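I wanted to see where they sit and what they link.

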Amino acid sequence: MGINFRKETFRDDFTFKNSPEQVRRFPFPFNEDAYMYAVNIEPHVPGPKNSVFEHLIDVDEHYVSEMQDRAMVLAEDPLRCQSLPHMTLAGWDLLELLMVEKAKSYPEHFELTREGDRWRWVNRPLGIDDTFTFGDVSTLPYGPMEYITRQSQGDFAVLDQRDGNLWMDAGMVTTQADWSLDFDIGMNFFEWHAPVPLAHEKGIFTRALKFLTNIQQGQPARRLNWTMTINPRLDTSPENFHKWGTDRLTVTPENVGNKVHLRVELQSFWRLPRSNALVFPIRCYLIKMDELVAQPKWARRFHRVLRDLPDELADYKGLTRYRPTVVEWLSKYDDGAPTSPGFSPD
Amino acid sequence: MSAGTTKLNVTVTDVVAVNELVKRFHFERTDGEYLPTFSGGAHVVVEMRDNDRTRLNPYSLMSSPLNTRDYTISVRRDDSGRGGSLFMHNHVKRGMEMVISYPVNLFSLDLRAKKHLMIAGGIGITPFLAQTAQLAASSGSFELHYTCRTEALGSYTEALRERYGNRVHLYYDDRNERIPLDRLFATQPLGTHIYVCGPEGMIRWVRDTAAQHGWPNEMVHYEHFAAPQPGKPFDVTLALSKKEIRVGEDQSLLEAMEAAGIDPPYLCRGGVCGQCETNVISHDGTFKHNDHWLSKEEHCSGKKIMPCVSRFEGRSLVLER
């Protein structure tokens, strides 16, 4: 039994939606009725069956359509994928990680055969069957990082570690919550997080950096982050702000259910073995308000979180214009009953 | 043991006497699988079951990162040390099953470097054996300057010469040969990075000389595992776990905590990674700080200690553990 890949769009007519099974496995990010920053990092170990944590690299029903959307973004703007010259080895590390994990978790869809440096990679959903020499860039149609991340959901930030800091020296970024690889390339951890409000003062980034630089091989970690997106658009980039920024003005009480999405990022953090670099896969999950309120606990809780969110955070996440409309809409689903602790629906 | 990294079960497949002070140990995975890929400069922590006590010592991997069938380390016998190297030399035999950690790299190559200038003293050669193998395979530019006490005590000098020819420069103390640092540091091409591994005095000499020649700190990399030094026994109160422990003469504070069933996190066990940093609640006495992690101010503050290498002399010490 394999995954039933949906045919859908993340632009123009926006036909994206989640199947009921996909709604149930949505990584709802709030474990209580309020939200504030925390270094909410935990070990990235396989989780319950039928959750997005079941496999360390999750592939879901949106895979094929997301990869088509990525190809369109790259055709218009090749700078969404960049790798500084010293990061090629990290690219091979990433290629190995993603191929090995996918082939192990989804043998019906992906297959990897290795004889020494001679590798054969079969990706059935995308119709790919390539044989290449591991470590030899000339045997692949793209650099190793670009090759494998054109076949992997989520963005990838590949970070060099040196001088006690992390450096954004490579990446594939097409499904981002309003940040730009082209702007951040070459920056260190504090520089690329400079725009985040409140967290610097709380010392969160100093602690987070200390944790991340000590991530070890075989012990990946993860955290969830969230924002909201109007229309199920993956590419909410600064480069294309003119295409999506005005969507925020189109929210009305009538269209909240279909137009407003909670956007959750599953960020994981991995040490790469040959390069000693780190990779952060940043996987984006979208859910419509109509789909979210199908779970009464999630509806109550998200209403309370959004209503009580500090203004600085709402501004930073770009929610300010439409927040009152969405809070009002969600309030219909909140009878004031207490919610149970933890993330999962009741 | 929960602290540190993921563990690997390995079998000793060979023990080779390299010279009168150094032995080489080969490990393969007991389940027959390949070992994890690693990067040049990485170390593993080897667990030694020495009667009722567990020793955990870090050793640099010296085998080629391209070959993960086996890992090799070299251990220099230290007759006046706390006993880890003696255990390796006297008790570890072919066929023995042991536990080692996943590789951890705290001495990574800077892959931006146009050239890697490596300086090794004595057993400090081991991380460079892996790094040169990694660089040679990717046509990286490097030059190795390696100083030993005598020709007979020089480990792997011939193998290095054979592999890399005149990229390897050897110096012997008994012939009064000295690495010409001033000349070397004044004549490197732009984009060169310096790496040094060896005794503490040598690391200081290299860093100071590089600084005098105007090298930025970011281009001078060093690996310094201070092995814990023996010292007078001392008593410690662990406030969180409500335990009183005694740190023996040839035991580190970290080892004493572990023996009492407490597992602070660690990676290097040599005072550089910062993982086991511990807050001091109160003290009456003098700290013997031996780490390279805390700042001078923190050493003077009396508020922090690195239990892997540092000690204490005095009447009482209460830690937040």
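I checked Arg283(A) and Asp58(A) for burial, and both are buried (under 20% relative accessible area; exposed is over 50%, partly exposed in between, with a 1.4 Å probe and protein chains only). They form a salt bridge, with the closest N and O atoms 3.7 Å apart (a side-chain nitrogen of Lys or Arg within 4 Å of a carboxyl oxygen of Asp or Glu). The pair links distant parts of the chain, 225 residues apart: Arg283(A) is in strand S10 (residues 278-288) of chain A, and Asp58(A) is in the loop between strand S1 (42-43) and helix H2 (63-76) of chain A. Helices (H or I, at least four residues) and strands (E, at least two) are DSSP runs, numbered from the N terminus.

Caveat for myself: this is a predicted model, where local features need pLDDT of at least 70 and side-chain atom pairs count only at pLDDT 80 or more, while totals for chains, interfaces and linings use all residues. Residues are numbered from 1 along each chain as its sequence is written, chains are lettered from A and ligands numbered from 1 in the order in which they are written, and side-chain values use heavy atoms, leaving out hydrogens and water.

Next I looked at chain B. Glu255(B) pairs with Arg82(B) in a salt bridge, closest N and O atoms 2.8 Å apart, and both residues are buried.

I also found Glu47(B) bridged to Lys7(B) at 3.7 Å between the closest N and O atoms. Glu47(B) is buried at 9% relative accessible area, whereas Lys7(B) is partly exposed at 26%.

My search of the whole structure gave 47 salt bridges over all chains.
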